[in-house]
Amino acid sequence: MELEDEYIESREEYLDKAAEINKLIVGTFETELGKKCLEHLEDVFVDRQIAKPGMSELEIGIRQGEANVIKKIIKEVRNG
């Protein structure tokens, strides 16, 4: 039972932290400047070809990771 209580407490802490981070992201990117910044980041990191001929797997992975971060921010803002 003790371990189960620790799990619930840590899960609650995780959810509290996730809500706090969501508020930071939404608060930052819902402003006019934030919207413009996010549009720019989307143009630069998402709306591009991820893999190009001659690129290494590492380069492709980095580009995909960059796109994933921006997509995550966009998702957080939309879900508010």
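Helices α2 and α3 run roughly antiparallel to each other, because their crossing angle falls in the range given that label (angles over 145 degrees). In this predicted model, local features need pLDDT of at least 70 and side-chain atom pairs count only at pLDDT 80 or more, while totals for chains, interfaces and linings use all residues. Residues are numbered from 1 along each chain as its sequence is written, and side-chain values use heavy atoms, with hydrogens and water left out.

Let's look at that helix pair. Two packed helices are described by the angle between their axes and the distance between the axes. Here α2 covers residues 32-46 and α3 covers residues 57-79, and their axes come within 9 Å and cross at roughly 150°. Helices here are DSSP runs of H or I, at least four residues, numbered from the N terminus. The axes are lines fitted to C-alpha atoms over the stretch in contact, and the angles run from 0 to 180 degrees between N-to-C directions. The crossing of α2 and α3 is left-handed, that is, the near helix is turned anticlockwise from the far one by less than a right angle.

Who does the touching? On the α2 side, L38, L41, E42, F45 and V46 make the contact, and on the α3 side R63, E66, A67, I70, K71, I73, I74 and V77 do. Contact means heavy atoms within 4.5 Å. The residues of this contact divide into nine nonpolar, no polar and four charged; Ala, Val, Leu, Ile, Met, Phe, Trp, Tyr, Cys and Pro count as nonpolar, Asp, Glu, Lys and Arg as charged, and the others, Gly among them, as polar.

Now zoom in on I70, which sits in α3. I70 counts as buried because its relative accessibility is 6%, and the cut-off for buried is under 20% relative accessible area (1.4 Å probe, protein chains only). Leaving out residues up to four places away in sequence, I70 touches L38, L41, E42, F45 and V46. The C-alpha atoms of I70 and V46 are 7.1 Å apart, although 24 residues separate them along the chain.

I70 also belongs to the largest nonpolar core, which has 11 residues, with I25, F29, L38 and V77 among the others. Such a core is a set of buried Ala, Val, Leu, Ile, Met, Phe, Trp, Tyr and Cys residues joined through side-chain atoms within 4.5 Å. α1, α2 and α3 each supply at least two of its residues, and the largest share, five residues, comes from α3. As for F29, its contacts beyond four places in sequence are G34, K35, C37, L38, I73 and V77.

That brings us to α1, residues 2-29, where N22 lies. N22 is buried at 14% relative accessible area, and beyond its sequence neighbours within four places, N22 contacts E76 and G80. V26, also in α1, is buried at 11%. With neighbours within four places in sequence left aside, V26 contacts E76, V77 and G80.

Key:
Parallel < 35°, antiparallel > 145°, perpendicular 65-115°, else oblique. Buried < 20%, exposed > 50% of the residue type's maximum accessible area, 1.4 Å probe, protein only.
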